[in-house]
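Reader: I'd like to know what stands behind the words used for this model. Could you take me through them?

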Amino acid sequence: MALGLPDYLCSANGVELGSVLTNVDFEPDAIISAAPGSCDANSKLHEFTARMLGIPQFLLEKPGDNARGHETYVTYFKALVGELEEWLGEKLDEDYLRMMLERCNKASDLFYELMEMRGHRPSPCPNLFTLFAYAARFTMWGTEEAITMMQVMVDVVRERLEKGEYPSPDGEIARCFWTYTYYYWDWVRFFNNMEEKGITFVGDLLGSLIMQRYDTTDMDTMFDGLARNCQDYCMTRQMGAESMSAQWIDDLIHWTTRLDADAAIFCGHHACKQTWSVFSMTRNELMKRKKIPTLMLQGDAWLKTMTPMSAIEDQIDEFVRNVVVKRKTGKA
Ligand code: SF4
């Protein structure tokens, strides 16, 4: 921020780019960004960083969400790979790509197995595992370690499902779906505390991905699958849609139904003006179509100085006891 970046730009990117701009964690040689077409704040931050550091930027722009848009996206995707090959002076290895994508397929099968088990009442999946599954998807897909990690979680959750285990002595009292992001600090204590009070986090929008299996027949089918999954990546899918509110609402109805949620929680950050602009529509539609109330939190998913975690926990607790439980028992 001392460089002139305003604090109302995306804090998710701000945190990461703080490391990049100060060379504390790593020094990038280039920036590859799929943000143009879905997030202006993100795109401008990347451009600023590339110019500041004097490094190239490789962009993948998102066109409209229709059959023609997908064809265009595949064309852009292939062009991006070509630009990277030229810059690196090296061709993408087909066999290596195939091996990576086959690992992705295995990990994705386990990801959805875990998700299906989360649909049970009470959820046999610890809140933290739901977060870990997304984190693994975000950082480890294509590695053997991701498969091992997903397999361990699936085995633990299957065992808990068979035994009917749930950590709260009062049982599961609320199943909450986060309509955008979680909070990404103090999360071990926060996620476990909630579960011990009987509050399950069945998922959030970032962890509720529509991932297609890769057809690894040849380069064309692999590029097509990669482009499709990139185009449908969470946030890009909703915020870069032809109608942000319509796509976001459709997805929320899908996930809250599939995961059998009985409440929703919205948290983002004050920089994400686009989500705030349609938040009330998502809340109204969830209430109208699913009879699910939404708690709106004023905090920042990535900055703990905005709202203390104790205040966030209290608000969720009050919402569950005064709204969710009372609605279920007919007292509200
Ligand atoms: S949280 Fe909002 S501002 Fe940040 S990357 Fe996502 S859409 Fe962009």
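This is a predicted model: local features need pLDDT of at least 70, side-chain atom pairs count only at pLDDT 80 or more; totals for chains, interfaces and linings use all residues.

Reader: Thanks! How do you know how many helices and strands there are in the protein?

Author: They are DSSP runs numbered from the N terminus: helices are H or I with at least four residues, strands are E with at least two. Counted that way, the protein has 12 helices and 6 strands.

Reader: What makes the radius of gyration of the protein agree with a compact globule?

Author: The radius is taken over C-alpha atoms, and the globule rule is 2.2 Å times the number of residues to the power 0.38. For 332 residues that rule gives a value near 20 Å, and the protein has 21 Å, so the two agree. The C-alpha trace spans about 65 × 45 × 40 Å along its principal axes.

Reader: Why is Ile199 called buried?

Author: A residue is buried if 20 or more other C-beta atoms, placed from the backbone, lie within 10 Å of its own; it is exposed if there are 12 or fewer, and partly exposed in between. Ile199 has 25 within 10 Å, so Ile199 is buried. Across the protein, 35% of the 332 residues count as buried.

Reader: And what does Ile199 touch?

Author: Contact asks for C-beta atoms, placed from the backbone, within 7 Å. Leaving out residues up to four places away in sequence, Ile199 touches Ile173, Ala174, Cys176, Met194, Ile316 and Val320. By contrast, Met99 is 100 residues from Ile199 in sequence and 39 Å away, C-alpha to C-alpha.

Reader: What are the domains, and how do they touch?

Author: Domain bounds come from an automatic or database domain assignment. Here they give domain 1 (11–88) and domain 2 (161–328). Their C-alpha centres lie 25 Å apart. The contact takes 17 residues from domain 1 and 19 residues from domain 2. On the domain 1 side, helices H1 (11–21) and H3 (67–88) each give two or more residues, and H3 has the largest share, 5 residues.

Reader: Which residues surround the ligand, and what makes them nonpolar, polar or charged?

Author: A residue is near a molecule if its C-beta atom, placed from the backbone, lies within 6 Å of it. The residues around the ligand include Cys10, Asn42, Met235 and Thr275. Ala, Val, Leu, Ile, Met, Phe, Trp, Tyr, Cys and Pro count as nonpolar, Asp, Glu, Lys and Arg as charged, and the others, Gly among them, as polar. By that scheme the shell has 8 nonpolar, 4 polar and no charged residues. Domain 1 and domain 2 each supply at least three residues of the shell.

Terms used: Residues are numbered from 1 along each chain as its sequence is written. Two residues are in contact if their C-beta atoms, placed from the backbone, lie within 7 Å.
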